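The following account leads the reader through an annotated site and its surroundings. Please consult the sequence and the model alongside the text.

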Amino acid sequence: MGKVYVCDHPLIQHKLTYIREEKTTTKDFRELVDEVATLMAYEITRDIPLEKVQVKTPVAMAECRIISGRMLGLIPILRAGLGMVDGILKLIPAAKVGHVGLYRDPETLQPVEYYLKLPTDVQERLLIVIDPMLATGGSANAAIEALKKRGCTQIKLMCLIAAPEGVQAVQKAHPDVDIYVAAIDDHLNDHGYIIPGLGDAGDRLFGTK
């Protein structure tokens with residue numbers, strides 16, 4: 001079963017409070033999401049393996065450590081996932097970025113893939129699927145399944161806020177995927193919104209309704 005990590009660092013929790021606040025402007029919301037994504041990137045990369053190298057400092061040779069071989073890929077789910085990408089790239093500028101576009105079929109209510117663009121070496125990378133909200137888990141599961149169908153085996157999921165229902169759905173469908181969130185909220189309402197949540201992340205990021 002994949003593990004669930006709640007990133008409870010005080011800076012993350014402080015900024016998340018203002019992300020939730022209804023009166024937070026689009027500009028501030030966007031900046032706060034960017035900052036929290038950077039902070040969460042520290043946690044999600046904590047177990048990346050290192051290897052020893054020799055470097056020459058101005059005074060002596062030193063045995064140091066660098067990231068060992070494994071390359072990273074960021075896979076935001078369109079469109080709200082885009083709001084977290086730049087924050088992660090500040091910390092991991094060499095990561096490649098792919099995109100998964102999904103919409104919900106109005107009749108079946110199931111996610112439908114309408115766009116997929118991935119790095120050519122995606123199978124060799126540790127992938128971080130990114131979406132601010134993990135509500136029912138439908139979009140996250142569909143995105144992860146799309147990656148697995150293309151031979152990807154190293155996948156993690158990063159979200160700002162999750163509902164217990166969404167966490168359980170991802171764990172059931174993809175027990176090999178670890179989940180990183182800033183908070184797990186109480187429940188989903190009848191319309192599939194996370195309670196207390198933060199509203200529609202895409203609308204608040206891009207100033208749309």
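**The annotated site and its surroundings**

In an unreviewed entry, UniProt lists Arg-79, Arg-104, Asp-131, Pro-132, Met-133, Leu-134, Ala-135, Thr-136, Gly-137, Gly-138, Ser-139 and Asp-200 under "binding site". From this set, Arg-79, Arg-104, Asp-131, Met-133, Leu-134, Ala-135, Thr-136, Gly-137, Gly-138, Ser-139 and Asp-200 belong to the lining of the largest pocket. The model examined here is predicted.

Two residues of the annotated set may be followed further. Met-133 is part of strand S9, which covers residues 133-134. Its relative accessible area is 17%, and Met-133 is therefore classed as buried, the cut-off being under 20%. Beyond its neighbours within four places in sequence, Met-133 makes contact with Ile-161, Ile-194, Leu-198, Gly-199 and Ala-201.

Ala-135 is found in the loop that runs between S9 and helix H4 (138-149). Because its relative accessibility is 18%, Ala-135 also counts as buried. With neighbours within four places in sequence set aside, the contacts of Ala-135 are Ala-163, Glu-165, Gly-166, Leu-188, Gly-192 and Ile-194.

Attention now turns to another strand. Ile-67 belongs to strand S3, which comprises residues 61-67. Not counting residues up to four places away in sequence, Ile-67 touches Ile-48, Pro-49 and Leu-50. Between Ile-67 and Tyr-180 the separation is 113 residues in sequence, and their C-alpha atoms are 21 Å apart in space.

Notes: Residues are numbered from 1 along each chain as its sequence is written. This is a predicted model: local features need pLDDT of at least 70, side-chain atom pairs count only at pLDDT 80 or more; totals for chains, interfaces and linings use all residues. Side-chain values use heavy atoms; hydrogens and water are left out. UniProt positions are given in the numbering used here, feature names are shortened, and annotations may be inferred rather than shown by experiment. On a 1 Å grid over the protein atoms alone, a cavity is a set of points where a 1.4 Å probe fits but cannot get out, and a pocket is an open set with protein on both sides within 12 Å along at least five of seven lines; lining residues have an atom within 4 Å of a point. Helices (H or I, at least four residues) and strands (E, at least two) are DSSP runs, numbered from the N terminus. Buried means under 20% relative accessible area, exposed over 50%, partly exposed in between (1.4 Å probe, protein chains only). Contact means heavy atoms within 4.5 Å.
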